[in-house]
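Student: I would like to go through the labels on this model. Where do they come from?

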Amino acid sequence: MVDVWSLVLMNLEKVGIGAALFFGAYLANMGLGAWKNVKVDGGSFNWKLIGQSILKFLVLIASIGILSVVVSIVPAYATYIGIEIGAETMETIDSLVIIGAFLTATVRYIGDGVTKVKDILA
C-alpha cells in the first residue's frame, strides 16, 4: 500500500506544478481581459465575473487533482482484482491526464493573453 501512496503523492506534485503554471496563465489572461474590456472597449468592471472565474479555476484544479489520484490508484486496484497493467502503460495514461488537462489549458490561456496584449497595445 505504500507504493500506492507514493504514486498518489508524486501525481499530486505534478498536478501542483501544472496548476501553478495554469494559474499564472489564467490570472494573466483574466487581468488582461479586464483591462481590455474596461480601458480599450469601454465596458464596466464586474467583480461578479472575476469571482465566477476564480470559482471555475478552483473547481477545475480540484477535479484534475481527483482524476490524477484515481489514475494513480488504478494499477494497484487492477492488480488486486487480478489484472496486470504494465508500468509503462500507466505512466502514459497518467501523463496524458496531466498533460491533457494542464498543458492544453495553459497554452490556450497564454495564446488568449498574447492576443489581448496585442489588442491593448494596438
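Tutor: The questions below take labels one by one; note that the model is predicted.

Student: Why is Y80 called exposed?

Tutor: Exposed means over 50% relative accessible area. Y80 has 69%, so Y80 is exposed. Y80 lies in helix α2, residues 47-80. Y80 also belongs to a nonpolar surface patch with I73, Y77, I81 and I83. Together they have about 560 Å² of accessible area.

Student: How many salt bridges does the structure hold?

Tutor: The structure holds 2.

Student: What makes K36 and D41 a salt bridge?

Tutor: The cut-off is 4 Å between a side-chain nitrogen of Lys or Arg and a carboxyl oxygen of Asp or Glu. For K36 and D41, N to O is 2.9 Å. That is within 4 Å, so the label applies. In general, side chains of opposite charge can pair when their charged atoms come close.

Student: Are K36 and D41 buried or exposed, or in between?

Tutor: K36 is buried: its relative accessible area is 17%, and buried means under 20%. D41 is partly exposed at 47%, because that value falls between the 20% and 50% limits.

Student: How do you know that D112 and R108 form a salt bridge?

Tutor: Their closest N and O atoms are 3.7 Å apart. The limit is 4 Å, so the pair qualifies.

Student: Where do D112 and R108 lie?

Tutor: Both are in helix α3, residues 87-121. They sit 4 residues apart, about one turn of the helix.

Student: Why is D112 called partly exposed?

Tutor: D112 has 26% relative accessible area. That lies between 20% and 50%, so D112 is partly exposed.

Conventions. Residues are numbered from 1 along each chain as its sequence is written. This is a predicted model: local features need pLDDT of at least 70, side-chain atom pairs count only at pLDDT 80 or more; totals for chains, interfaces and linings use all residues. Side-chain values use heavy atoms; hydrogens and water are left out. Patches are made of residues with over 30% relative accessible area and no salt bridge: like charges are joined within 9 Å, nonpolar side chains (Val, Leu, Ile, Met, Phe, Trp, Tyr) within 5 Å. Accessible areas come from the Shrake-Rupley method with a 1.4 Å probe; for residues, only the protein chains shown count as cover. Helices (H or I, at least four residues) and strands (E, at least two) are DSSP runs, numbered from the N terminus. Buried means under 20% relative accessible area, exposed over 50%, partly exposed in between (1.4 Å probe, protein chains only).
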